[in-house]
Number of protein chains: 2
Amino acid sequence: MGYSDVDRLAINTIRVLAVDATFTANSGHPGAPMGLAPTAHVLFNKFMDFNPKNPKWLNRDRFVLSNGHGCMLHYALLHLFGYAVSIDDLKNFRKVDSITPGHPEAHDTPGIEVTTGPLGQGFSNAVGLAIAQAHTASVFNKPGFDLVSNYTYCIFGDGCAMEGIASEAASSAGHLQLGNLICIYDDNHISIDGDTACAFTEDVLKRFEAYGWHTQWVEDGDHDLEGIEAALEKAREVKDKPSVIKVTTTIGFGSKLQGTGGVHGNPLKADDCQAVKQKFGFDPEQSFVVPQGVYNLYHKRATEGAAKEQEWNQLLEKYGQEYKNEHADFTRRLAGDLPEGWEKNLPTYKPSDPAVASRKLSETVLTKIYQVIPELIGGSADLTGSNLTRWKDAVDFQPPSTKLGDWSGRYIRFGVREHAMAAIMNGLAAYGTIIPYGGTFLNFVSYAAGAVRLSSLSRVRTIMVATHDSIGLGEDGPTHQPVETLAHFRALPNMMVWRPADGNETSAAYYVALTSKHTPSIIALSRQNLPQLEGSTIENAVKGGYVLHEAENADITLISTGSEVGICVDAVKYLKEHHKITARVVSIPCFEIFDAQSKEYRLKCLPDGIPSLSVEVMSTLGWERYAHEQFGLNRFGASGPYKDVYKKFEFTPEGISTRAIATVDFYKGFKPRSPINRAFQQLI
Amino acid sequence: MGYSDVDRLAINTIRVLAVDATFTANSGHPGAPMGLAPTAHVLFNKFMDFNPKNPKWLNRDRFVLSNGHGCMLHYALLHLFGYAVSIDDLKNFRKVDSITPGHPEAHDTPGIEVTTGPLGQGFSNAVGLAIAQAHTASVFNKPGFDLVSNYTYCIFGDGCAMEGIASEAASSAGHLQLGNLICIYDDNHISIDGDTACAFTEDVLKRFEAYGWHTQWVEDGDHDLEGIEAALEKAREVKDKPSVIKVTTTIGFGSKLQGTGGVHGNPLKADDCQAVKQKFGFDPEQSFVVPQGVYNLYHKRATEGAAKEQEWNQLLEKYGQEYKNEHADFTRRLAGDLPEGWEKNLPTYKPSDPAVASRKLSETVLTKIYQVIPELIGGSADLTGSNLTRWKDAVDFQPPSTKLGDWSGRYIRFGVREHAMAAIMNGLAAYGTIIPYGGTFLNFVSYAAGAVRLSSLSRVRTIMVATHDSIGLGEDGPTHQPVETLAHFRALPNMMVWRPADGNETSAAYYVALTSKHTPSIIALSRQNLPQLEGSTIENAVKGGYVLHEAENADITLISTGSEVGICVDAVKYLKEHHKITARVVSIPCFEIFDAQSKEYRLKCLPDGIPSLSVEVMSTLGWERYAHEQFGLNRFGASGPYKDVYKKFEFTPEGISTRAIATVDFYKGFKPRSPINRAFQQLI
Ligand SMILES: [Ca+2]
Ligand SMILES: [Ca+2]
């Protein structure tokens, strides 16, 4: 222990940088950085191991600022410790195309682990990072080779504490006894509406105790550096529980408005900026000043971190000599590459193979590939038997004391916690050694929308196994039957929404999902059986869309996905037999991937001159992009055996034919342009 | 107290009906009804006041089955007590077009208060119902007139307890000291993945204590009817805290598989059905049998309830004599009608009025109407100063002991709890005397998607005030800038998504939202200032879409919403001056309402022969429905001052013009059909 003036100078430098950056941006949140600077100083300078020159060093300690609006705290630290975040980057805080956006984005800024700001997400990501560490350590560590030993630290505020996602994640972390997770609750009694007394009067530590966490309280987080250090030290010693340390701080410490909502989300006024600087011994006329002593202090710590990485690299090399296979697996994972030839394990199907529900086809894929892709770690939000996300011999990821599994287990029991599951998956993916998947009903991916959005934004490889994907789930009824969900996630940038029609398309969905390092996927899967289709192949389906059934001089193109493709194939026969209409069928299991194909290819699928009709038991919203006319379900579904429900809404060969005939009639004597032909390209 | 054989017979009748209905449906969840029958029997027969002949009697006790999959429990009770749920309805459980769907839907079944099944929703609805009761009582009760005095009872299971939304709602309820709320936690140690030991090992009662709840535990919920009764009695006596009673039960009590996951989500096998019946003294060969003694018992209770309503009606009549105005207001509210002439208070604007952010315009609407619509109760998920959801003199809805407001207060501090907020709003709306609104950023309506979906499905009048509706929020950056959100909710059936362009359109959005008794609304509002537009009127905008700027012999129609409409108006000038292109402008603030207009009207807005271009800084998904070409943002936004962000993505008069010219060129020599003309009508 022992803190001196240079520590206090460093703390005040962080505060003043946050004041300067938000003032210059004329926007942002100075309060949290000013209140949290002492805690962050102790944490970064006394506890965390990291090398600013290699922010991707695997065994670095992870730091997550869950209250991401306080990101000037983190940006300031990154700059001061010598990450590739310059003082000019701080000056460009919240400016277009800077690496210091208004909330931290992992792909933008070296040293940012996960994308935070939407409250509760970072906390839940931290749980994922801690799970990843525990699992990776269990798989790779050997006697004398403590290769994976990092801690995950997370700061969260009142806002995160109020969000349900964080409650879910905290309950999971407690159950999982994640001793490597240390969270700091910034107890400053202020949220945007003012004093937390107006809406948030629960006993947070008692709640965490109820979850099974180790809890501590530092009463004076503004000054008691020793107390912060002692609490962190104690938390590190607790190995069988996650730890939370409530640190009571003064938001905007040093400002005239300290301790009030006035410093939460607005820059300080000019005179207050000056007063703060004066108070902390800075020149009130100058901005973005860093005393050399502060750089020296922090660079020293950074140098120690670099040396630790150096040591670790040597350990890894030695490990490679003793454990050749493990070393190869470890380094391959770090590169994000899959084992060579893994894709040979993907099952393929012939039309003569039996009809199978695509959720079951998904189970078969997992069963065939889990041994060749050891980094595939998955689970379900308490729907294992419905999602079919667990291969037969899977071991649960559980604390060994539960006797229900162990740390090397690859199956996670997420509980009924969809939102936390998706955010934990983001954390798992961010760690660097895991490809996570998680199961729930497609309808309840909506519960996880906040986290799924961040999968896309932060460009992580996560896979949502979303079964029971339509009214085809039958009896559970409208409360469980998605109608709007595909449109929702199709509109989300950098998200692959797959809805495979059969076995080969299911294999293709997994192929693309697993090989897309920077794009998450949602794979929508049926509860009901689907026939294996003539014309479907993995090679076709990996293009996102293809001609399943071609016909010369076709009168119409039927475009469909998932369980409706097979019905379209039946409709082709029906149309020919009963109406002498020739139809072709295009399957588009994934818009995002189909859109990425050449225009020439897409026009081959959806040529000029032939009217087209989309068929999908969902909202038609968005189908106008591909089809001239749309047959869908722009209303809620119904509870009943699925065949009755399909019949009620006329998703039958006859029902499709009726719409196809109307479409052919409508375009009679008129050769419509393909919707693929557009006047201009979209900005990307 | 004192329970006899007829009580046990009633309990077993409920169990057997649940067994029969799920067996007949070959689908459903017998386990929870069988385990909960004793608790439900005591609750319904000893505590709850209701009149099956008038399920809408205002002062009835409310019952919510949050674990809605156990709905055969509730359907059986409704039948047995004499609601309009026949034995044939039970036989049609989970059949198409029955009133007994797979999960309870409030609009389908008399006696169902709220739509549950998606876990955690019902619990949160119950909090809303309890808030509504406390508020309504405070407003209308007078000395000697305890007009509004009902309790809200809610049963929830492990699944609900794990969901974050329920944690949020529980924390709110504890803060609000809702003494009228009594929740029963069905502690049966089973969820779909099996024993809760695998994922859910927290101390639930301790967690609720931390929230400020009164807690009790009934250890033998299978047999201890006296214990259940005593706990409910005690809970009713606690007036300053919500109560939770943990009742430990055996899931599937009576089945061979009782206490296991095997009875959770699957009907019993035929032999098990028979064994259960034998065990409970029923004829194993017969199904759907109700002993007359059970009908007699429950009908007696129902008669008592009817008498209580009769008494209450007399009280209400007397109240009407003493409190004429309050009585008129009360009965008007119950009818769901707004006060006559209220709409005269909606502000209107002229083009010469200053530019104002639409979130501010929304604040003006609330400020102008709150006095004439006393049933309007709102709040924000901790973004009051940003959402501008609070009129100046609003009183907070708070327990008086907090000294921050009182029960009559009309402004709710929801805390950072978007999902619970939306579900609480559903409960508030379901109560019958309140029109609720709630504020958050549009991006964080996604956190609430699960509950928002149920607003639509259950046809309640709720209003989501969704500010910061686009990249126009600027510096907060991509983590906060919605791109996919409008597409998501436009695809949701029975949801009005409004994105007003100026003051008159904002007034129109509120007009339609408030007068649509069975349709919820999301009103997307800008952070940045918007000009008052020439051509916008309330009368135009209530049609959901209209010609804002007409032009003869137009070369192109620009179609837009919200903040981009004004930029389109500028683009019209730019196109004329620089390119001699004549453009007209159509504003479509609400798809759902525009689609409901006559085809003739819609074709007048979007006529044949003129190419059209949509302009909206969001995903283009769905715009193909109205526009031949689409200018949008199919990527994430950027952090920076909003004008810089708009410029980066070319949402400027020049940028729009570039796309408009490309569109005109593309359709040169070709008169495109209006997208309004379709080959066939969608099923509704
Ligand atoms: Ca705070
Ligand atoms: Ca349970």
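The legends below describe close-up views of a predicted model.

The model is predicted, with local features taken at pLDDT of at least 70 and side-chain atom pairs counted only at pLDDT 80 or more, while totals for chains, interfaces and linings use all residues. Residues are numbered from 1 along each chain as its sequence is written, chains are lettered from A and ligands numbered from 1 in the order in which they are written, and side-chain values use heavy atoms, with hydrogens and water left out.

**View 1. The stacked pair Phe81(A) and Tyr298(A)**. Rings of Phe, Tyr and Trp (its six-membered ring) pair if their centres lie within 6.5 Å; planes under 30 degrees apart count as stacked, over 60 as edge-to-face and the rest as tilted. The count over all chains is 74 aromatic pairs. In this one, Phe81(A) and Tyr298(A) are 4.1 Å apart centre to centre, with 25 degrees between the planes. Phe81(A) belongs to helix H3 (residues 71-81) of chain A and Tyr298(A) to helix H11 (residues 292-322) of chain A, so the pair ties together parts 217 residues apart in sequence. Helices (H or I, at least four residues) and strands (E, at least two) are DSSP runs, numbered from the N terminus. Phe81(A) and Tyr298(A) are both buried, where buried means under 20% relative accessible area, exposed over 50%, and partly exposed in between (1.4 Å probe, protein chains only). One aromatic cluster holds this pair together with Phe44(A), Phe50(A), Phe63(A) and Tyr83(A).

**View 2. The pair Phe156(A) and Tyr185(A)**. The ring centres are 5.4 Å apart and the planes at 15 degrees, so this pair is stacked. Phe156(A) lies in strand S2 (residues 152-156) of chain A and Tyr185(A) in strand S3 (residues 181-187) of chain A, so parts 29 residues apart in sequence are tied together. Phe156(A) and Tyr185(A) are buried.

**View 3. Arginines over aromatic rings**. A charge sits over a ring if NZ of Lys or CZ of Arg is within 6 Å of the ring centre and within 35 degrees of the ring normal. Arg490(A) lies over the face of Phe591(A), 3.9 Å from the ring centre. In chain B, the charged end of Arg390(B) is over the ring of Tyr411(B), at 5.4 Å from its centre.

**View 4. Domain 1 of chain A against domain 2 of chain A**. An automatic or database domain assignment supplies the bounds, dividing chain A into domain 1 (5-307), domain 2 (342-530) and domain 3 (543-666). In domain 1, 33 residues are in contact with 31 residues of domain 2, contact meaning heavy atoms within 4.5 Å. The two domains bury about 2,600 Å² between them, 65% of it on carbon and sulfur atoms; buried area is the accessible area (1.4 Å probe) that two parts lose on being put together, summed over both. On the domain 1 side, His107(A), His135(A) and Glu168(A) lose the most area to domain 2, together 21% of what that side buries.

**View 5. The interface of chain A and chain B**. Chain A and chain B bury about 10,000 Å² between them, 57% of it on carbon and sulfur atoms. The rule finds 14 salt bridges across this interface, each a side-chain nitrogen of Lys or Arg within 4 Å of a carboxyl oxygen of Asp or Glu. Arg94(B) forms a salt bridge with Asp476(A), the closest N and O atoms being 2.8 Å apart.
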